[in-house]
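I opened the model and kept notes as I went. The entries follow in the order of looking.

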Amino acid sequence: MPWFRGKKKAGNGNSAKNKKEGKEVPEKKETVNKRSLAFKAATRQPKSMPPSPPAKKPEKKAEEASAPRVATTQMEMPKREPLSELPWNYGDNQIYLMVRDPYWLFSYWEIQKDHQEKKLKELGGSWDGVCSVVRVYDVTEQRRNAPFFDIVLQGNAHNWYVNAQPNHSYFVEIGLLHRDGRFVALARSNEITTPRAGMSEVIDEQWMGIDFDKMYALSGGFEVGKSSMELKQLMEERLRGAISSGSGGVISSLASPVKIHKKRGFWFILDCELIVYGATEPDAKVTVQGKEVKLRPDGTFTLRFALPDGKYVIDAHAESADGIEERVIIPIVQRHTERPAPIFKSKDKK
Amino acid sequence: MEKGLLSLVLHAHLPFVRHPEHEYFLEENWLYEAITETYIPLIHMFEGLLKDHVPYRITMSLTPPLISMLKDPLLQERYIKHLDKLIELANKEIDRTRFQPAFHEVALHYYWQLTQARETFVNRYFRDLTWAFKKFQDLGHLEIITCSATHGFLPLINRTEAAVRGQIVTAVKQYEGVFGRKPLGIWLPECGYFPGVDRFLKDVGIRYFLTDTHGILHASPRPKFGVYAPIYCPSGVAAFGRDMESSKQVWSAVEGYPGDYDYREFYRDIGFDLDYEYIRPYISPDGLRINTGIKYYRITGDTDDKQPYVRAWALEKAAYHAGNFMFNREKQCEFLHDFMGRKPMIVAPYDAELFGHWWYEGPEFLNFLIRKMAFDQKTVRLVTPSDYLRIYPVNQVSTPSMSSWGWKGYAETWLSGANDWIYFHLHKATLRMTELANRFQGQNGVVQRALNQAARELFLAQSSDWAFIMHTGTMVPYAVRRTKEHLLNFLRLYEDMMNNRLDEGWLNYLESKSNIFPHMDYRLFQE
């Protein structure tokens with residue numbers, strides 16, 4: 001996951017919060033917007049797979065990083081031009097079938113033009129009255145004369161999700177279908193079996209003797225697909241980004257169901273900090289409120305305090321290195337915050 | 001004599017994220033945060049239990065990418081740098097919160113936690129935390145199991161047998177090198193099981209794996225004891241199913257413990273809350289605000305007006321929740337024991353990073369739970385799955401159902417409109433890997449190195465994490481980029497080898513960048 005399992009984690013763990021709690025942290029909102037645009041761009045066209053803009057962002061980071069380099073981090077990218085895009089054609093004629101769940105299969109394929117033209121000749125060589133189909137064979141009961149159905153392909157499809165039945169076996173063919181019913185296969189897939197969606201009908205006589213239904217229920221069986229699905233859906237929606245899908249990520253977002261009450265989504269926060277700074281002889285001893293302060297080599301110092309409402313007496317003492325002289329300065333600071341009710345102006349006023 | 005057995009399984013995993021080519025890389029923080037917030041707190045818990053002679057057994061999977069990162073000198077160095085910055089920040093926070101006693105207490109807590117982490121990491125385990133886990137395994141408290149090489153989701157990458165075998169054998173070899181023994185069990189990535197994968201486990205001597213609940217419940221023939229006893233696959237490898245009740249108690253939206261109002265709020269981090277100029281040295285160098293790990297609030301309730309975190313209250317709750325969890329397991333075991341006529345096995349698997357990273361008090365919860373179970377009751381005993389197989393060597397033979405612990409219970413998270421394009425390429429690379437391994441077998445030197453690197457690039461492209469991230473929709477560009485980068489590297493190696501024009505300089509670069517599995521053996525892909 002978890003992090004982990006999720007970011008989820010570092011950078012984006014906050015996106016969930018942003019949505020809900022964005023009112024408190026403006027910068028966050030901006031970054032998320034920027035990022036989500038980037039995501040959209042990337043997800044919108046996964047099929048065309050635009051050249052990935054990999055090195056860009058990190059390069060910038062490297063330039064800006066001011067910390068000294070660890071020797072091991074220096075790494076020169078060899079000059080050779082890297083390949084920038086994955087191919088869309090590996091030159092094969094193939095179709096492959098995968099199981100997604102008890103009800104859905106996924107198939108992808110690749111067919112070369114010359115192969116298709118050759119096969120088209122078997123149907124007369126003309127596209128007139130011919131369409132591309134995926135023929136789905138259900139071989140659960142029988143391999144010979146197995147029942148099948150056709151999916152007519154549109155456009156330039158390279159893959160398809162196929163509706164299926166639990167605990168059934170299938171293979172598919174991609175091929176050309178003539179309207180007179182003739183079919184030529186361009187490629188045939190592997191065979192797969194979908195998982196069952198419930199308890200097995202098979203019972204082992206050596207392992208009988210208790211109430212299967214009750215055992216199933218006690219094990220949480222009737223919640224399968226219900227609770228586990230709901231829970232995980234919640235997770236995925238809220239968690240956005242956990243690295244692991246299993247459990248972790250979600251929790252904290254579930255844990256903080258922050259709701260934005262303001263209907264208008266406008267917000268305003270303000271806080272105060274106090275900066276106390278000064279200077280003395282570099283070898284003097286300085287205390288503020290009884291705590292020693294570390295001086296910079298030039299004898300200056302800076303302290304920074306969160307400043308809640310209240311009155312604060314900040315007694316500062318500087319003692320000379322020879323211990324003979326002490327100077328005292330005592331700023332007294334008071335913060336008092338008023339929060340008048342929000343003002344709503346009428347909209348038509350400019 | 002106890003009435004039931006409980007197996008806590010913590011799955012620790014992070015994808016291989018290591019970018020020597022950049023001085024700073026945001027995603028490397030995943031590792032650093034997990035070390036500080038989860039792995040080290042767990043190690044501290046194990047140490048405390050040892051010191052107090054508390055008997056317990058717990059199971060943890062440490063995935064090969066995580067082990068590789070924990071053992072990597074560059075990342076170790078960078079972690080210390082990261083930690084030192086955090087300690088510096090915590091130090092400033094102690095001063096800054098002087099007028100806010102509630103915050104001041106929390107700042108002190110962080111300072112203490114971070115300096116302890118540094119001490120443990122640097123001085124006690126000499127930067128390599130795998131030694132800590134090994135120690136507790138060797139002492140007989142921890143059972144470390146393996147995972148597949150790069151957390152590849154096996155039901156979707158199994159186009160060839162070699163693809164599955166490669167992931168498993170490579171993981172097992174790494175495990176033996178690090179822990180000096182063979183792994184008894186495996187965490188199938190995302191609990192992704194398909195009938196037949198157990199044969200590959202059998203071949204490397206693995207005795208058990210874990211599945212989600214329905215993997216067992218929908219097994220055939222019907223499992224007599226439901227999810228409360230393992231089944232043996234036809235290969236003889238045991239499958240243990242997840243118990244839903246104990247899972248939900250820990251991570252359900254409604255009933256879960258981590259949402260308690262006294263626990264720490266994850267989403268209020270000073271990386272976002274404090275003045276920009278002040279926090280700037282501790283966020284991303286490009287100025288992007290990120291989490292620092294210093295968080296001052298408790299969940300408080302369904303409100304925006306969050307209240308300061310009170311550590312003592314949170315610990316109190318963790319103890320209470322541990323007691324509640326234990327009580328529920330006792331009742332569950334008593335009931336099931338009478339119903340089944342034998343001791344039920346309750347398997348409670350979680351992401352390790354849930355404990356500490358997401359649920360900040362999670363390690364304390366575990367600590368209380370283990371101690372209470374050892375001293376406050378006799379109904380339930382903590383065991384590992386291999387302990388169970390010693391207690392009950394005879395179990396029903398049945399074939400689990402294809403399943404995962406992902407959304408909807410199958411493969412949809414890793415096979416959806418957002419990520420289905422990857423399989424066309426992953427599978428082709430798998431086939432070509434075997435082609436290369438067959439064609440160039442027996443060659444030495446640079447060809448052999450190129451073959452091994454090609455296998456590394458393939459493994460890294462197979463990580464289920466990339467597809468997962470694409471599916472969930474956050475950090476997508478990084479996941480897409482990683483998938484393509486490794487596939488393109490693979491392709492290039494393939495073409496260079498087939499055309500007899502290997503570029504050794506470039507190979508050196510790849511080897512130093514993606515340096516996972518130094519003992520990679522491409523021959524795993526021969527068929």
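I began with A:V328, which lies in strand 15 (residues 326-329) of chain A. Strands are DSSP runs of E of at least two residues, helices are runs of H or I of at least four, and both are numbered from the N terminus.

I noted that this is a predicted model, where local features need pLDDT of at least 70, side-chain atom pairs count only at pLDDT 80 or more, and totals for chains, interfaces and linings use all residues. Residues are numbered from 1 along each chain as its sequence is written, chains are lettered from A and ligands numbered from 1 in the order in which they are written, and side-chain values use heavy atoms, with hydrogens and water left out.

I looked up the exposure of A:V328: its relative accessibility is 43%, so it counts as partly exposed. Buried means under 20% relative accessible area, exposed over 50%, and partly exposed in between (1.4 Å probe, protein chains only).

I then turned to chain B, which has 20 helices and nine strands. Of its 527 residues, 73% are buried.

I asked about contacts (heavy atoms within 4.5 Å). Counting those in chain B between residues at least 6 apart in sequence, 79% join residues at least 24 apart.

I picked helix 19 of chain B, residues 476-498. Its 23 residues should span 33 Å at 1.5 Å a residue, and its end C-alpha atoms are 33 Å apart, which agrees. The expected span is 1.5 Å times one less than the number of residues. In helix 19 of chain B, 20 of the 23 residues are buried, so the helix is largely enclosed by the rest of the structure. B:N500 follows helix 19 and has a positive phi, near 55°.
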